[in-house]
Amino acid sequence: MIWAGLLVASAVCYLLKLAGVSLPQRWLQNPRLQQTVPLLPVALLAALVATQTFSSGHHLVLDVRAAALGVALVAVLLRAPFLVVVVAAAATAALLRLL
Amino acid sequence: MGIGIASGAYALSFGAIATTAGLSLIQTVSLSVLMFTGASQFALVGVLGAGGSVWAGAATAALLGSRNALYGLRLSTLLNARGWRRFVAAHFVIDETTAMAIAREDEREGRFAFWATGVAIFTLWNLGTLIGALATHALSNPKVLGLDAAPPAAFLALLAPRLRSREPIAIALAAGVVALLFLPFVPAGIPLLIVAALVALLGLRPVKR
C-alpha cells in the first residue's frame, strides 16, 4: 500500500513537470492559474509547519517542538543554511527532553 | 556545484526524516530518484510520520508538485528539448534548476546552467538521501535526537524564501490556523487538502493586473 502511494505520487509529480515542458504554452498561461499555483506551496508548507508542530494525533498540543520551531525561525531569519536550521531544531527538542 | 552540495546536505535530512517516518531504505531512496522534487518528498513523509495515510501524503505531494508545471512552462522555450531529451529534462525541472537557468542572460548559458545544475543536484540529492537514511537506520531511537522536531523546521526553511511580500505571509498564517482548526475533526493529512481546496477557491477571485 505504501509502495502504491509512493509510485503514484512520483508518477503524478513527473507528469506535472512533463506537462510544463510539453503542453502548448497558452494552456498554462491562464492568468488565474499563474496567480494561484504559486500560492499552493505557501499555504501547504505553512499548514505542514503548523500541524506538525502543534499536534499529536488528533490533539492540539504545545510541547518541546514549539520551542524547536522558535529556534528554527531564528535560524531562518539569520539566513542559516537548510541543514543548520533542521539540526538546530532537532537539537533543541533533544536537549529540552533531557532536562 | 555549490548548489549541488547544499542540496546534498538538505537530502541528508530528507533521508533521516523519511526513515524516522517508517519508510524502508529502498522506499526512501526510490522517492528521491523517482519523485525528485524536495518539498513534495518532505510533505509525503511528513504526513506519513504524523500518522496520516499514504494517499493523503501522495495528494499533498502532487499539489506541491504543481508549481513545477509552471516552471516547465517558463523553461520550455529556453530548453527547446526534443525527443528523449525532453523526457529527461522534465525530470530535472525543479526550484533550483529553474532559478539557475532563468538567471542567465544568454539562452545557451541558461541551457547549460539547467543541465549542469540538474545533474549535480540529482547526483548529490540521491547520495545525501542514501547517507541520511543509512545513518538513521543505525540509530535505535530517533526521537531521542529530536528528529520529530526536524520536519516542521524543514518545512519552515522551504517556506521562508516564498514569504517576500505581504500576501504570501497572510496566506501562510491563515493556512496554518485553518489546518489546526480542522485537525481535531478529520483524518491526519486531510487538513492539508482542505487548505489546498481553499487556495483553489481563492483562484476564482478577479485576476490582478
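The model is a predicted one.

The size of an interface is often given as the accessible area lost when the parts come together. For chain B and chain A, the buried area is about 6700 Å². Carbon and sulfur atoms give 78% of this area. The contact involves 90 residues of chain B and 67 residues of chain A. Between the two chains, 1 salt bridge is counted. It joins the side chains of A:Arg97 and B:Asp148, with a distance of 2.7 Å from N to O.

On chain B, the side that touches chain A draws two or more residues from each of the helices α1 (2–20), α2 (25–34), α3 (38–49), α4 (54–79), α5 (84–91), α8 (150–159), α9 (166–182) and α10 (190–202). Of these elements, α4(B) makes the largest contribution, with 18 residues. By class, this side of chain B consists of 65 nonpolar, 17 polar and 8 charged residues.

The largest pocket has a volume of about 1400 Å³. Its lining comprises 42 residues, and those closest to the centre are B:Leu158, B:Ala160, B:Pro161, B:Arg162 and B:Arg164. Both chains take part in this lining: at least two residues each come from α4 (39–53), α5 (64–77) and α6 (82–98) of chain A, and from α1, α4, α6 (95–102), α8 and α9 of chain B. The element that gives the most is α6(B), which supplies 6 residues. In terms of residue class, the lining of the largest pocket contains 30 nonpolar, 4 polar and 8 charged residues.

The largest share, 4 residues, is provided by α3(B). The lining of the second largest pocket divides into 14 nonpolar, 10 polar and 5 charged residues.

A search of the whole structure for cavities of 30 Å³ or more returns 1. The space within the largest cavity amounts to about 110 Å³. Of its 14 lining residues, B:Tyr10, B:Thr37, B:Gly38, B:Ile94 and B:Glu96 are the closest to the centre. The helices α1, α3, α6 and α7 (107–137) of chain B each provide at least two residues of the lining. By class, the lining of the largest cavity has 7 nonpolar, 3 polar and 4 charged residues.

Methods:
Residues are numbered from 1 along each chain as its sequence is written. Chains are lettered from A and ligands numbered from 1 in the order in which they are written. This is a predicted model: local features need pLDDT of at least 70, side-chain atom pairs count only at pLDDT 80 or more; totals for chains, interfaces and linings use all residues. Side-chain values use heavy atoms; hydrogens and water are left out. Contact means heavy atoms within 4.5 Å. Buried area is the accessible area (1.4 Å probe) that two parts lose on being put together, summed over both. A salt bridge is a side-chain nitrogen of Lys or Arg within 4 Å of a carboxyl oxygen of Asp or Glu. Ala, Val, Leu, Ile, Met, Phe, Trp, Tyr, Cys and Pro count as nonpolar, Asp, Glu, Lys and Arg as charged, and the others, Gly among them, as polar. On a 1 Å grid over the protein atoms alone, a cavity is a set of points where a 1.4 Å probe fits but cannot get out, and a pocket is an open set with protein on both sides within 12 Å along at least five of seven lines; lining residues have an atom within 4 Å of a point. Grid points are joined across faces, edges and corners, and a volume is the space filled by probe spheres set on the points.
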